[in-house]
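Reader: I would like to learn how to read a few features of a model. Can we go through them one by one?

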Amino acid sequence: MEFDIISILGSIANKILAEPTHSELIVQDFAVIMIIASVMALISFKLKQPMVIAYIAAGMIIGPYTPPFSLITNLEILNVFAEIGIIVLLFVIGMGFPIEKLKNIGKKATIIASAEALGTFALGYFAAQAMGFSSFDSMFVALAISVTSTVIVMRVLEEMGLVDDKSFNLIVGVSIIEDIIIISMLAVIQSVVATEQLSYTEVGVAIGFVLAFIIGAIVVGTRTVPYYARIVRKTGHNEFILVAMLGLAFGLSVLAFKLGISVATGAFFAGVLVAGTKIGIPTKAMAIPIRDMFAALFFISVGALMDVKQLPLFILPAIALILVSISSKFFTVWISAKLLGFNKKISFRSGVGLSSSGGELALVAAKGGADVSVTSSMLLPLVGTMTIITTFLSPYIIKYGWKFSERFGKDESAEKVSS
């Protein structure tokens with residue numbers, strides 16, 4: 001009996017000490033990732049802070065740049081999960097913007113969104129150049145600071161009970177159009193810089209490919225996806241509906257990638273097409289838990305790529321770029337809204353609400369440069385640092401900006417976002 005126990009213990013010890021296989025290493029890495037992420041998420045919840053900060057912090061803890069050593073063995077696996085996270089995340093975001101909703105947003109919101117996104121991008125690019133950034137780093141950091149943190153803005157306004165405020169509709173409309181503009185700009189920039197050339201021909205071809213893809217996806221998709229959705233819906237099986245719609249999302253993402261366009265673009269417009277069908281709402285409800293898990297992995301991967309030893313070096317550039325972002329977004333929205341006939345109060349509140357930069361798309365934009373290997377290693381940590389800072393600041397900016405706007409008095413009229 002004693003011999004058997006010793007043999008069993010020896011066998012267990014040999015298994016523990018044996019060199020793990022590739023598949024075992026993947027499981028081991030995934031276990032470490034999820035355990036650390038859950039601990040950081042719990043701490044974040046107790047401190048009443050956004051989960052995105054917890055996930056970035058978890059990535060920094062397990063990453064290869066954190067002493068004394070990396071807690072995961074294969075960073076490439078994390079990047080694969082992150083790529084899946086981008087696709088699922090943008091697919092779910094797209095499902096919030098059905099084509100009919102996009103049509104009803106109005107010309108005014110489109111004009112304001114275009115002025116804000118392009119104006120902030122231009123100012124951000126020149127600011128980054130003045131700070132000594134390379135051309136490619138300047139483009140991707142300018143794109144990152146052009147993004148409005150829609151999730152944070154909507155959550156803050158809901159918590160403040162301002163969903164019925166006249167500014168709310170304008171903010172929502174502008175943020176929707178802005179997301180589409182940023183995703184399209186990311187696709188164009190990635191297509192152009194992949195060749196490491198910035199010629200007018202390359203820019204024209206890239207823009208042509210993006211427009212052709214978007215128009216083709218909408219024209220063909222609106223005629224085929226509803227028919228496909230009806231067939232899927234008749235099965236009555238939720239798991240089949242989810243698998244079929246995710247298949248569409250990944251299919252369009254692959255097609256976009258083959259055309260040299262960001263996978264995020266394909267996933268987003270797959271969501272737009274699904275949103276216009278009768279299974280859009282149940283698909284979104286089923287996809288949200290999957291989105292949450294893979295989105296967490298995406299933020300963790302961003303944190304893992306951040307060199308924590310260099311973070312103090314990014315504080316001043318991050319603060320400078322945040323000031324550029326907030327000021328340019330506020331003034332472009334405020335001025336555009338005033339010129340389009342909105343009163344002072346609505347214009348000011350819209351400027352404040354849309355001045356919140358950062359969020360998921362900012363990190364997607366920054367990682368877009370790393371994906372095509374044209375940006376330096378400092379870009380992701382810089383944008384990550386900015387995201388952490390703006391995530392803390394945004395609720396206070398909106399809250400006190402709203403209070404300050406009260407001095408403009410009552411709304412002069414019941415303006416609405418219209419065409």
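Author: We start with the whole chain and then turn to single residues. Keep in mind that this model is predicted.

Reader: What does the secondary structure of the chain come to?

Author: The chain has 17 helices and zero strands.

Reader: How much of the chain is made up of buried residues?

Author: Buried means under 20% relative accessible area. Of the 419 residues in the chain, 51% are buried.

Reader: What about the accessible surface of the chain?

Author: That surface comes to about 19,700 Å². Carbon and sulfur atoms account for 68% of it.

Reader: How do I read contacts along the sequence?

Author: Take contacts between residues at least 6 apart in sequence. In this chain, 82% of them join residues at least 24 apart.

Reader: Now a single residue. Is Thr283 buried or exposed?

Author: Thr283 lies in helix 13. Its relative accessible area is 0%, so Thr283 counts as buried.

Reader: Which residues does Thr283 touch?

Author: Leave out residues up to four places away in sequence. Thr283 then touches Phe91, Met95, Ile241, Leu242, Met245 and Val274.

Reader: And Lys278: where is it found?

Author: Lys278 sits in the loop between helix 12 (263–275) and helix 13 (280–304). Exposed means over 50% relative accessible area. Lys278 has 69%, so Lys278 is exposed.

Reader: Which residues form the positive surface patch?

Author: A patch of this kind joins like charges within 9 Å. Here Lys278 forms a positive surface patch with Arg230, Arg233 and Lys234.

Terms used. Residues are numbered from 1 along each chain as its sequence is written. This is a predicted model: local features need pLDDT of at least 70, side-chain atom pairs count only at pLDDT 80 or more; totals for chains, interfaces and linings use all residues. Side-chain values use heavy atoms; hydrogens and water are left out. Patches are made of residues with over 30% relative accessible area and no salt bridge: like charges are joined within 9 Å, nonpolar side chains (Val, Leu, Ile, Met, Phe, Trp, Tyr) within 5 Å. Accessible areas come from the Shrake-Rupley method with a 1.4 Å probe; for residues, only the protein chains shown count as cover. A salt bridge is a side-chain nitrogen of Lys or Arg within 4 Å of a carboxyl oxygen of Asp or Glu. Lys and Arg count as positive and Asp and Glu as negative; His and the chain ends are not counted. The place of a charge is taken as NZ of Lys, CZ of Arg, CG of Asp or CD of Glu. Helices (H or I, at least four residues) and strands (E, at least two) are DSSP runs, numbered from the N terminus. Buried means under 20% relative accessible area, exposed over 50%, partly exposed in between (1.4 Å probe, protein chains only). Contact means heavy atoms within 4.5 Å.
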